[in-house]
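Here's a quick briefing to read with the model open beside you.

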Amino acid sequence: LGSGLLVAALMVSYRDVNYFLPVAVQLLLYASPVAYAVSAVPPALRGLYWLNPLCPLLEGFRWSLLGAGTLPPGPLLYAAAISCTAMTAGAFAFKWLERLFSDVI
């Protein structure tokens, strides 16, 4: 929601965001463990891989639905903190850029 608010506010002023957004979403899809578990990632890269905020959320879904894998609390708290920060930043950015909407539209 936070990144959606930010992108929506930027799309009003910058029309090129419309072309960048599908590419960014597709890259985020390939960088997230949607089709494979984190256990498939080499152990040397796993620490770097947990920095992706979608990784703990997707592992949590996999753990709750399939009962497979483990769910460490550290990355889950990290994902919650990143989500709250993105929501707050997106809401403030939207509110700040909202005053410019009538000038652009």
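Glu59 counts as buried, at 5% relative accessibility; the classes here are buried under 20% relative accessible area, exposed over 50% and partly exposed in between, using a 1.4 Å probe and protein chains only. Keep in mind that this is a predicted model, where local features need pLDDT of at least 70, side-chain atom pairs count only at pLDDT 80 or more, and totals for chains, interfaces and linings use all residues. Residues are numbered from 1 along each chain as its sequence is written, and side-chain values use heavy atoms, with hydrogens and water left out.

**Glu59 and Leu71**

- Glu59 sits in helix α4; helices here are DSSP runs (H or I, at least four residues), as strands are (E, at least two), numbered from the N terminus.
- Leaving out residues up to four places away in sequence, Glu59 touches Ala37, Val38, Trp50 and Leu71, where contact means heavy atoms within 4.5 Å.
- Leu71, one of those partners of Glu59, belongs to the loop between α4 and α5.
- Leu71 is partly exposed, at a relative accessible area of 25%.
- Setting aside neighbours within four places in sequence, Leu71 is in contact with Pro56, Glu59, Gly60, Trp63 and Leu76.
- Leu71 and Phe61 are 10 residues apart along the chain, and 9.8 Å separates their C-alpha atoms.

**The largest pocket**

- The largest pocket has a volume of about 480 Å³.
- A pocket is found on a 1 Å grid over the protein atoms alone: while a cavity is a set of points where a 1.4 Å probe fits but cannot get out, a pocket is an open set with protein on both sides within 12 Å along at least five of seven lines, and lining residues have an atom within 4 Å of a point.
- For the volume, grid points are joined across faces, edges and corners, and what counts is the space filled by probe spheres set on the points.
- There are 18 lining residues, and the closest to the centre of the largest pocket are Gly2, Ser3, Leu28, Leu54 and Ala86.
- Helices α1 (2–13), α2 (17–31), α4 (54–66) and α5 (73–98) each supply at least two residues of that lining.
- The most comes from α2, with six residues.
- By type, the lining has 14 nonpolar residues, four polar and no charged; nonpolar covers Ala, Val, Leu, Ile, Met, Phe, Trp, Tyr, Cys and Pro, charged covers Asp, Glu, Lys and Arg, and the others, Gly among them, are polar.

**How α1 meets α2**

- These two helices pack at an angle of about 150 degrees, with their axes 9 Å apart; axes are lines fitted to C-alpha atoms, for helices over the stretch in contact, and angles run from 0 to 180 degrees between N-to-C directions.
- That angle makes α1 roughly antiparallel to α2 (under 35 degrees is roughly parallel, over 145 roughly antiparallel, 65 to 115 roughly perpendicular and the rest oblique).
- On the α1 side the contact uses Val7, Leu10 and Met11, and on the α2 side Val17, Asn18 and Leu21.
- Five of the contact residues are nonpolar, one is polar and none is charged.

- Pro43 lies in the loop between α2 and α3 (46–49) and is exposed, with a relative accessible area of 67%.
- Pro72 is in the loop between α4 and α5 and is partly exposed, at 28%.
- Pro72 and Asp103 are 31 residues apart in sequence and 48 Å apart in space, C-alpha to C-alpha.
- Ala80, in helix α5, is partly exposed at 39% relative accessibility.
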